[in-house]
Amino acid sequence: MAVKIGNSYVTETAAAYAQARADEASDNVLGDLSKQFKDVKFGVGTQPFGGTGTNNITIAPNILRQMANDPAKRLEYEALIYDCDNALKNSANRPGLKAQGFVIDGKGELSMWAISQTGDDKPARTLMHFTEEERQRLAGRLPKKSTTLSTDKVDAEIRKLKLRKAQLEQQITTAANPNADLQRQLTQIDNELRLKDNDTYRKQNAIDITI
């Protein structure tokens, strides 16, 4: 569950944390943040890919000024930074990850960047700008995607078996002489249909589909 503070969606835990610290704020915003979030490397600016390690948060100068002058903005962005800090920690051990961080730009928009490398490949850079929906999802406000079971693959397999059975029966009926191999194939398909053409098999072999 998340709450909206200003223009940002944050977790209830982050909101409670920022509210509890409201009376301790000073004019030294970066100094306060560095004390609160000891594992985070804070930078000033708006450019991504500007840090090393997996725990970078860069904040636009005007946002820092807003935080220094407006208690409501201070509350909003400290709560957002709390969630960003947790997100960085949770993703720090991704295979191949070399560096990552968040950027809060001059409009208060949030982006996440990452530099990763696999084997001898060149390092790959990725940058994601968080839409309002993605910010809500980051804070856990949106419900998780649900899944449903699909038997389409099993049904297609059974239709194929039935078609092959009909073809074999036709061949056997029209053959001048009994064909042992065709009869053997027909028996094999009959056995397979008895095994698969039922609700139990369909449920056991259904596929989860995210919706």
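## A tour of the chain, stop by stop

Buried residues (under 20% relative accessible area with a 1.4 Å probe, protein chains only; exposed means over 50%, partly exposed in between) make up 34% of the 211 residues in the protein chain. This is a predicted model, in which local features need pLDDT of at least 70 and side-chain atom pairs count only at pLDDT 80 or more, while totals for chains, interfaces and linings use all residues. Residues are numbered from 1 along each chain as its sequence is written, and side-chain values use heavy atoms, leaving out hydrogens and water.

**Whole chain.** Colour by secondary structure. The protein chain has eight helices and nine strands. These are DSSP runs, numbered from the N terminus: helices are H or I with at least four residues, strands are E with at least two.

**The sheet.** Select β3 to β7. They form an open sheet of five strands in the order β3-β4-β5-β6-β7, with mixed pairing. Two strands pair if DSSP finds at least two bridges between them. The edge strands are β3 (41-44) and β7 (124-129), each pairing on one side only. From one strand to the next, the twist averages 20°.

Which way do β6 and β7 run? Select β6, residues 110-116: β6 and β7 run antiparallel, joined by six bridges. Now pick Ile115; its bridge partner in β7 is Arg125.

**Two helices.** Two packed helices are described by the angle between their axes and the distance between the axes. Select α3 (residues 61-69) and α4 (residues 71-91): they pack at an angle of about 120°, with axes 6 Å apart. Axes are lines fitted to C-alpha atoms, for helices over the stretch in contact, and angles run from 0 to 180 degrees between N-to-C directions. Angles under 35 degrees count as roughly parallel, over 145 as roughly antiparallel, 65 to 115 as roughly perpendicular and the rest as oblique. So α3 and α4 are oblique to each other. Show the side chains in contact (heavy atoms within 4.5 Å). From α3 come Ile63, Gln66, Met67, Ala68 and Asn69; from α4 come Pro71, Lys73, Arg74, Tyr77, Glu78 and Ile81.

**Last stop: α2.** Which residues of α2 are buried? Select residues 29-36: Val29, Gly31, Asp32, Leu33 and Gln36 are buried. The buried residues of α2 pack against α1 (12-20), β3, β4, α3 and α4.
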